[in-house]
Amino acid sequence: MTDMNAHFADPDRVRQYLENGPPAFTPGHAGLMQMIGVLLGETMPQDGTLLVIGAGGGLETRYLAGIEPQWRFVGVDPAAAMLDLARATAGDVAGERLRLIEGTVADAPDGPFDAATCILVLGLVPDNGAKLELLCQARQRLRPGAPFVLVDQCLDRNAADFTKRLDRYAAYARRSGVDDDVVAGARAGVAAMESVVPAQRNEQLLAEAGFDGTELFYLAMGWRGWLSYA
Ligand SMILES: C[S@@+](CC[C@H](N)C(=O)[O-])C[C@H]1O[C@@H](n2cnc3c(N)ncnc32)[C@H](O)[C@@H]1O
């Protein structure tokens, strides 16, 4: 696990996740959730089952369970503390429609699922075959043609503007009201994380894993969201 992954095992940091996590760091997070609901709703059956990869925290599950009263959710995440938070965040809304599994996508049932999401997770996974493996495992569990939503922070460590982009990442979180020391820790964490890759690399990996019809639907500073099909 990378250092950032260690944060998801730390109960103090997990307690801060809903306040100091994606809604504060990821521009337009509420709109992002709404877009994902619209995009999945285009093809997902009314009583379909969604595979939530990296379901810790429960933010996407809470939103999607709230807009679609019959969708069912199977969430996987290797961090037990983040799964506890997901239960607390989304449990009331999703009730018995939510099943959480401690582990990675390889520990998920075979499916086939009607859709899958992987939101703010792939950047934590090393690009040493593990990213591709995650995407392949996800695709294997989807019905042919089922939608897959990937959202990730993308940075090119070799680009001349790498430092400027890290500064923007930090500035956005400060504007959201996150404490300076938390922002500084997050900036340093991302700066050190070699698993964060440029957007083009994720597009290449999606194609290698066999996803099709890939479409960029979200671009917000360093963050990207793609809709693709199994
Ligand atoms: C930034 S959080 C995002 C959680 C949630 N998707 C959201 O958008 O709020 C990243 C999560 O990915 C989980 N994670 C890390 N590596 C993973 C992997 N290989 N498979 C699934 N989840 C993973 C972490 O434990 C953490 O809960």
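## The S6–S7 hairpin

Strands S6 and S7 form a hairpin with two residues between them, and Met221 in the turn has a positive phi of about 50°. Strand S6 covers residues 212-220 and strand S7 residues 223-229; the two pair in the antiparallel sense over six bridges. Pairing here requires that DSSP finds at least two bridges between two strands. Leu216 stands opposite Trp226 in S7.

## Model and conventions

This is a predicted model, in which local features need pLDDT of at least 70 and side-chain atom pairs count only at pLDDT 80 or more, while totals for chains, interfaces and linings use all residues. Residues are numbered from 1 along each chain as its sequence is written, and side-chain values use heavy atoms, with hydrogens and water left out.

## Overall fold

The protein chain has 11 helices and seven strands. These are DSSP runs numbered from the N terminus: helices are H or I with at least four residues, strands E with at least two.

The C-alpha trace spans about 45 × 35 × 30 Å along its principal axes.

## Burial and contacts

Of the 230 residues in the protein chain, 51% are buried (under 20% relative accessible area, 1.4 Å probe, protein chains only). Among contacts (heavy atoms within 4.5 Å) with a separation of 6 or more, 76% join residues 24 or more positions apart.

Methods
Buried < 20%, exposed > 50% of the residue type's maximum accessible area, 1.4 Å probe, protein only.
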